[in-house]
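Hi,

Here is the structure I promised to pass on.

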Amino acid sequence: MRNAWLSLLALCPWAVLAQFPLGEELGHQSLRIVNQQAASGPGEGHLEFFIQHRFGDFAQGAYNAFGLDQSQIRLGLDYGLSDRLTLGLARSSWGKTSNGYFKYQLAGLRENRHWDLTWLSDVSVNGEASNVWGLEPFYYSHRLRYVHQLIVGRRWTPRFYAAVVPGVVHINLVDAASDPNDLLTLSAFARYRVQPHINLTWEMQNTLPSVSGAALTSPPMALGMEFIEGLHIFQLSLGNALSMNEAYISTANQGEWNAAHLRVGFNIVRRW
Amino acid sequence: MPVAPMTKVSFWLLGLVLGLSSCYYDNREDLYGSAGPCDTTAVSYTTHIKPLMDQQCVGCHGATAPSAGISLHDWASVKASVQGGRFVGSVDWQTGYSPMPKGGSKWTPCQISQLNAWVNKGMPQ
C-alpha cells in the first residue's frame, strides 16, 4: 500500500517539478535565452540536450503556412564538468555548422551573489562541401570562426534578471579586403518571471559599428516565453534571426523587424 | 603537492582550445580575387552566377518550399527573379530593399559587378 502511495506521489506534478531547480535564481533556469547563451551551466554531472527549431518567415505566405513549411534545426549537448565549467557541442542545419565551446562561471549567483560573471569560448566549423565555396585551392581554416564572450548578468529583483554580453567574433575568411576579421559585439538579454513556471525573455545581438565597420541594418532580436515543466523546458520565440549559431548570429544582417520577416521558433531542453 | 582533478581538466581544456585555435586573417579578395582585375567580360550563368547562387542563396531559396516563395535553384528561376525587379537591389543592399543573403555577408564588389554585367548582357546561360 505504501508503495502504491509513493507511486502516485511520483506521478503528481509537484513531485516532478521538484526535480527541476525551480528554486534557483532566474539566471540559472535554462542555459539559453532564445539563441543567446545564459551565464549558467547545468551544474556538476548534469547533462542537457537541446533542440532548437526556427521556421521560415511570415513573408512566405499562406501557401507555405506562413513559414511553417520551412525549418532550420540545431541539436546540442551541454555537460557540467563542475558547477562552474560547462562543455557543449552543437550542430546546425544552417551552414551545416558544428560548434564546440566551454563556459566558465567566474563568479555567480550560486555563491549567493547578485552578479554573474561567465566566460564563453566557442569554435564553429562550417561543414559545407568545399566545392560549394567555389574557392580553389580551398583551406580548412576558411571554415573556422571563434567567439569569446564575457556574460555579465545581474539579478535585479527575484523576478527580473538582465545581462550584457560584450564579445569578439573572429572570422578566418572574410569577403573583402576592407572587411575586419575581428568583430566586437555587444549583446544583451533579460528574463522576467511571470509565474513560478513561466518566464518572459528578450535578447538582442549586434556588432559595435565604430570599431567593426558598418553597423548591421537588421540586428537580431527575439522575444520569448519559456515554460518550465519537470526536467523539460519549452521555449517559444518570435524573432528575426535565421542562424542559431553564436559565431554567425551577431555578425550578419537578419530579417527586418517587421511582420513579414519575423519567424516563430522553439527550443526544447531536457536535463538529466 | 598533488594537482586537484578540476585544475587538471581546466589546464587540459585550455590547452585544447589554444591547440585547436588556428586564427587567420584571410579575405577572399586578396587570396582569390586580386590576382587580376574583376573579370566581367564573359560572365555566364553556369560559370559565374550558379556557384554564387548555390553558395549564397539556394539554402533558403531552393526548389522545395523556397523562402518568400522565391526560388533561385536554376537559370530560369534566377532570371525570373531578376526580372521581378527586387533581386539586384537586395543583393546590393540598396536602400528600400531587403538585404540578402539573410544571416550572411554582402557579396564582394567583384561578385556584384559580375552580376550586373550578367544582367546587362541579357542573363546568358
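Predicted model: local features only at pLDDT ≥ 70, side-chain atom pairs only at ≥ 80, totals over all residues.

**What I found**

Let's start with the barrel. In chain A, twelve strands close into a barrel, and their order is β1-β2-β3-β4-β5-β6-β7-β9-β10-β11-β12-β13, with antiparallel pairing. On average, neighbouring strands of this sheet are turned by 20° against each other, ignoring direction.

On one side, β12 (residues 232-239) of chain A pairs with β13 (residues 263-271) of chain A through eight bridges, in the antiparallel sense. Within that pairing, Val269(A) sits opposite Ile233(A), and Asn267(A) is the bridge partner of Gln235(A). Strand β1 (residues 47-57) of chain A is also joined to β13(A), antiparallel and by eight bridges; here His53(A) stands opposite Phe266(A).

The side chains along β13(A) alternate: Arg263(A), Gly265(A), Asn267(A), Val269(A) and Arg271(A) point to one face and are buried.

Now for something in chain B. Met123(B) is in the segment that follows α6 (109-120) of chain B. Most residues other than glycine have a negative phi, but Met123(B), though not a glycine, has a positive phi of about 55°. Is Met123(B) buried, exposed or partly exposed? It counts as partly exposed, because it has 19 C-beta neighbours inside 10 Å, and being buried takes 20 or more.

Cheers

How values were computed:
Residues numbered from 1 in each chain as written. Chains lettered and ligands numbered in written order. Pairing = 2+ DSSP bridges. Helix = DSSP H or I, 4+ residues; strand = E, 2+ residues; numbered from the N terminus. Axes fitted to C-alpha atoms, helices over the stretch in contact; angles between N-to-C directions. Buried ≥ 20, exposed ≤ 12 C-beta atoms within 10 Å, placed from the backbone.
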